[in-house]
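Reader: Hi! I'm new to this one. Could you walk me through it?

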Amino acid sequence: MDLSELMSLLLSKGVDYVIAQLPGWISRKEVSREDAELILMYAMMSKLDDLGKKIDGLGNKMDELGKKIDARFDELGRKIDDLRKEIDSMHKEMVDRLDFISNQLRVLNSNIAATYELTSKVMTRLMESSIAPTRT
């Protein structure tokens, strides 16, 4: 079997068929050593080409995954920013409310002090009037 027949078999039946048949052809001495080496090199080249295509496909998938991951990180970043803004808003509201409560407590404390002072004056007057001699 000459090289042109082997090449036509490669093209018509495929690399896997020729590789499967090659040991039998070599043992029956239908194929020369040089032709077998050429066929094996062609088969390796074909397999490497297939592997290259698979690697390219894997690279494309990795690029797609990278883009999806970037999009998810961007979305996560936006959600974190929104959450940060919401927390800042809640913090401001809480500080405002606590300031209002603090002011109300100051006013209440002032009112209690004024009431205590007036009560003390009233009690003092009442005690003075009860101690004072009665007029007859």
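**A chat about the model**

Author: Happy to! Let's begin with lysine 47, which has its place in helix H3. Keep in mind that this is a predicted model.

Reader: Thanks! Is lysine 47 buried, exposed or partly exposed, and why?

Author: Lysine 47 has a relative accessible area of 45%, so it counts as partly exposed. Buried would need under 20%, and exposed over 50%.

Reader: And how far is lysine 47 from valine 15?

Author: Their C-alpha atoms are separated by 8.8 Å, although lysine 47 and valine 15 are 32 residues apart along the chain.

Reader: Okay, what about valine 122, where is that?

Author: Valine 122 is in helix H3, which covers residues 33-131. With 48% relative accessibility, valine 122 counts as partly exposed.

Reader: How far is valine 122 from glycine 59?

Author: Those two C-alpha atoms are separated by 92 Å, with valine 122 and glycine 59 sitting 63 residues apart along the chain.

Reader: Switching topic: how do H1 and H2 cross?

Author: Helix H1 spans residues 3-13 and helix H2 spans residues 15-27. Their axes come within 7 Å and cross at roughly 140°. H1 and H2 are therefore oblique to each other. To count as roughly antiparallel, the angle would have to be over 145 degrees.

Reader: Which residues meet there?

Author: From H1 there are Leu6, Leu9, Leu10 and Lys13, and they meet Val15, Tyr17, Val18 and Trp25 of H2. The residues of this contact divide into 7 nonpolar, no polar and 1 charged.

Reader: Where does lysine 13 lie relative to the ring of tyrosine 17?

Author: Lysine 13 lies over the face of tyrosine 17, at 5.0 Å from the ring centre.

Reader: Nice. How many aromatic pairs does the structure hold?

Author: The count of aromatic pairs is 0.

Reader: One more, then. Where is lysine 29 found?

Author: Lysine 29 is in the loop between H2 and H3. Its relative accessibility is 73%, so lysine 29 counts as exposed.

Reader: And what is phi of lysine 29 near?

Author: Phi of lysine 29 is near 60°, which is a positive value in a residue other than glycine.

Reader: Great, thanks for the tour!

Notes: Residues numbered from 1 in each chain as written. Predicted model: local features only at pLDDT ≥ 70, side-chain atom pairs only at ≥ 80, totals over all residues. Heavy atoms only, no water. Axes fitted to C-alpha atoms, helices over the stretch in contact; angles between N-to-C directions. Helix = DSSP H or I, 4+ residues; strand = E, 2+ residues; numbered from the N terminus. Parallel < 35°, antiparallel > 145°, perpendicular 65-115°, else oblique. Contact = heavy atoms within 4.5 Å. Nonpolar A, V, L, I, M, F, W, Y, C, P; charged D, E, K, R; others polar. Buried < 20%, exposed > 50% of the residue type's maximum accessible area, 1.4 Å probe, protein only. Phe/Tyr/Trp six-rings, centres within 6.5 Å; stacked < 30°, edge-to-face > 60°. Lys NZ or Arg CZ within 6 Å of the ring centre and 35° of its normal.
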